[in-house]
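This report describes one protein chain for a reader who is new to structures. Please keep the sequence and the model in view while reading.

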Amino acid sequence: MRAFYSFLFLFLLMATTPVLAGNVTYADMRGRWVSTQCTAPATPAALSKDSEAAADDLNAQRAAHNQYVMDAQAYMTCLTKEAERDAEATGILVTKSAQALIDKAAADLNASAQPQKPE
């Protein structure tokens with residue numbers, strides 16, 4: 001019966017806990033979080049320093065750079081939102097897991113305090 005309740009608890013915990021979007025790894029006493037939903041923009045070619053370059057070429061380069069700046073801002077916003085969601089989900093997971101351990105310890109304590117029935 002205890003196995004059934006443990007399974008039920010784990011199922012409910014998994015069903016109510018938000019799923020992490022990024023990947024978290026921990027090895028050699030170092031942790032790392034990597035986004036799985038945000039894609040970094042490609043860096044455009046460096047702006048030409050040729051004073052003889054055609055105005056159309058310079059304007060196209062400037063437009064590409066401006067687009068890169070907007071894409072980089074969108075990327076950083078995406079990272080911020082994904083990291084915040086993952087941090088919140090991780091906090092919920094830790095809190096629920098800790099509460100489950102506390103509840104189990106309290107139940108074990110209460111069970112050990114009950115007088116044993118003679119056989």
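The side chain of Ser35 reaches the backbone nitrogen of Cys38 at 3.0 Å. This is a polar contact, that is, a pair of N or O atoms within 3.5 Å; within protein, one must be able to donate a hydrogen and the other to accept it, and residues adjacent in sequence count only if both atoms are side-chain atoms. The model is predicted: local features need pLDDT of at least 70, side-chain atom pairs count only at pLDDT 80 or more, and totals for chains, interfaces and linings use all residues. Residues are numbered from 1 along each chain as its sequence is written, and side-chain values use heavy atoms, with hydrogens and water left out.

**Ser35 and its surroundings**

Ser35 lies in the loop between E2 and H2. The names come from DSSP runs numbered from the N terminus: helices are runs of H or I with at least four residues, and strands are runs of E with at least two. A second polar contact, of 2.4 Å, joins the side chains of Ser35 and Glu82. Apart from residues up to four places away in sequence, Ser35 touches Gly22, Leu79 and Glu82, where contact means heavy atoms within 4.5 Å. Ser35 has a relative accessible area of 17%, so this residue is buried. Buried means under 20% relative accessible area, exposed means over 50%, and partly exposed is in between, with a 1.4 Å probe and protein chains only.

**The disulfide**

Which residues form a disulfide? Cys38 and Cys78 do, with their sulfur atoms 1.9 Å apart. The pair links distant parts of the chain, since Cys38 is in the loop between E2 and H2 and Cys78 is in helix H2, 40 residues apart. A disulfide is counted when a pair of cysteine sulfur atoms is within 2.5 Å, and the count by this rule is 1. The torsion about the S-S bond of Cys38 and Cys78 is about -85°, so the disulfide is left-handed. Cys38 is buried at a relative accessible area of 11%, whereas Cys78 is partly exposed at 26%.

**The chain as a whole**

The chain has 2 helices and 2 strands, and from the N terminus on its elements run α-β-β-α. Of its 119 residues, 9% count as buried. Among contacts between residues at least 6 apart in sequence, 66% join residues at least 24 apart.

**The hairpin**

Strand E1 (residues 23–27) and strand E2 run antiparallel and are joined by 5 bridges. Two strands pair if DSSP finds at least two bridges between them. Tyr26 stands opposite Gly31 in E2. Strand E2 (residues 30–34) is hardly covered, as the count of buried residues among its 5 residues is 0.

The hairpin of E1 and E2 has 2 residues between the strands. Most residues other than glycine have a negative phi. Asp28, in the loop between E1 and E2, has a positive phi of about 55° although it is not a glycine. Met29 is found in the loop between E1 and E2, and its phi is positive too, at about 65°.

**Helix H2**

Does the span of H2 agree or disagree with its 59 residues? At 1.5 Å a residue, H2 should span 87 Å, and its end C-alpha atoms are 86 Å apart, which agrees. The expected span is 1.5 Å times one less than the number of residues.

In H2, the residues Ala72, Glu82, Asp86, Ala89 and Ala100 are buried. Asp86 has a relative accessible area of 4%. Asp86 and Asn23 are 63 residues apart in sequence and 9.3 Å apart in space, C-alpha to C-alpha.

A search of the whole structure finds 1 salt bridge, meaning a side-chain nitrogen of Lys or Arg within 4 Å of a carboxyl oxygen of Asp or Glu. The partners are Asp108 and Lys104, whose closest N and O atoms are 2.8 Å apart. Both lie in helix H2 (residues 55–113), 4 residues apart, about one turn of the helix. An α-helix has 3.6 residues a turn, so residues three or four places apart point the same way.

| Residue | Relative accessible area | Class |
|---|---|---|
| Asp28 | 72% | exposed |
| Met29 | 71% | exposed |
| Lys104 | 47% | partly exposed |
| Asp108 | 30% | partly exposed |
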